[in-house]
Amino acid sequence: MAVKPVPSLTAIALTLIIWFAVPVPEGIDPGGWHLLALFVGTIAAIIGKALPLGAVSIIAVALVAITGVTVAPDAAKPANQAIKDALSSFSNPLIWLIVISILIARGVIKTGLGERIGYYFIALFGKRTLGIAYALALSETVLAPITPSNTARGGGIIHPIMKSIATAFDSTPEKGTQGKIGRYLALVNFNSNPITSGMFITATAPNPLVVSAINDVMGTHFHMDWTTWAVAMFIPGMACILLMPLLLYLFFPPEIKETPDAARFAREKLAALGKVRRDEWWMIGVFILLLALWADIPFRLSGVAALKLNPTSTAFLGVAILLISGVLDWGDVTSEKSSWDTLIWFGALVMMAEFLNKLGVIGYFANQIQGGIATLGLGGYTAMILLALIYLYAHYFFASTTAHISAMLVAFYGAGIALGAPPLLFGLILAAAGNLMMSLTHYATGTAPVIFSSNYATLGEWWKAGFVTSIVNFTVWIAVGLVWWKVMGYY
């Protein structure tokens, strides 16, 4: 594991410049500004591949702990508090949901259930690679209303199926053949997730924060509920779902495009697999249980509060059953390197992003942007779109959509309304941007590290795909939305 000198020196230089050469803006805690320096340096090291992601993250955790940038000057035992802060995110349920989702995906692959499902998909939609991509995207859409965790949906359910299809075509990173079909399908797998997350309130955790903001501003004049959201967002969301696989097909064309014998090949493989085996039945049962609990179906049917579990608790339950039943053994858990690698690097990024928020750095920049736009004298609609774009692309600095929305939504929503934007319309636009921003990076949301860790796409390919889809999806969503929302009388 050799250190790459140029990316390393670039990251160090950026950190030192921000830390020592750039004056701390008035109103920002010096510790927060120094943490920003460390965060920028960390991202630069990751982009430049100075070291593997996990190694860069260990260094970042060490620097946060040693420098004490998160600790108040008058804190008792500052060294102890600094290491607690540096390790704080490793108890974050979202991070553990990612880790456990990867382990569940291993069970799907190990039992052969994923392979079986993959061949069923190929049999149905396998004449073209593009058809398989649409099958994955539409599966995401069907699952979205009843899967409150976008990580569980995209990473724990759809991703194992995608990997099985890619493996069936001998397209794997281990063999260097990801370009055959796997890279394209992995990018479709991930970029479906932000779109479907925006189509239903229950498709991802932060959406209720947007609903609360809209309802607080609208008061008694309008109430945003599950049905209203679904009606407003389904049409523009479906427009993006239909366009996105084509877009990625143009930018990341798979080597295998025509698969005329795929259906026959899949049926032969299904026949060779024989009847569903014991471990597959266990895996099917766990899948049904996870879906039911993630969708809160037992709670909704019974009203028993004890049946309303946290998504991460549900995931742990699923892995526990797989271990008890023998579907997975402890060796499977310890050998899943990508799972533990993800725990380290995603935990470090979430920690830094959370403290940037707590120390007021993100809020400072949001207020500066708000004031800057106000001085431009733009009309309400122009200011609204500009604010939404800034809000969307600020997600490069976040490793959590919940943290981003919590830190910036109210400030940006209030600024837009003050500048003349229609409240409900601007709320819907920010709701779309708050989900579409998940596509930008490999740490943008919980689903990202699950799929990125499979190594079908390089870091550069991932960021390129995220940027391109963010532009097109936002443009299509707003263009279609403006027409649809006008028809619905939302503005």
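**Salt bridges and an enclosed helix**

Both Glu-280 and Arg-116 are buried, a term that stands for under 20% relative accessible area, with exposed meaning over 50% and partly exposed in between (1.4 Å probe, protein chains only). Their side chains meet in a salt bridge at 2.7 Å, N to O; such a bridge needs a side-chain nitrogen of Lys or Arg within 4 Å of a carboxyl oxygen of Asp or Glu. Glu-280 belongs to helix α13 (residues 278–294) and Arg-116 to helix α6 (residues 113–125), so this pair links distant parts of the chain, 164 residues apart. Helices here are DSSP runs (H or I, at least four residues), numbered from the N terminus.

The model is predicted, with local features needing pLDDT of at least 70 and side-chain atom pairs pLDDT 80 or more, while totals for chains, interfaces and linings use all residues. Residues are numbered from 1 along each chain as its sequence is written, and side-chain values use heavy atoms, leaving out hydrogens and water.

Across the whole structure, a search finds twelve salt bridges. One of them joins Lys-110 and Asp-329, with the closest N and O atoms 3.8 Å apart. Lys-110 lies in helix α5 (residues 93–111) and Asp-329 in the loop between α15 (311–325) and α16 (330–335), so the pair ties together parts that are 219 residues apart in sequence. Lys-110 is partly exposed, at 42% relative accessibility, and Asp-329 is also partly exposed, at 39%.

Twelve of its 15 residues are buried, so α7 is largely enclosed by the rest of the structure; among them are Leu-130, Tyr-134 and Glu-140.

Note on methods
Helices (H or I, at least four residues) and strands (E, at least two) are DSSP runs, numbered from the N terminus.
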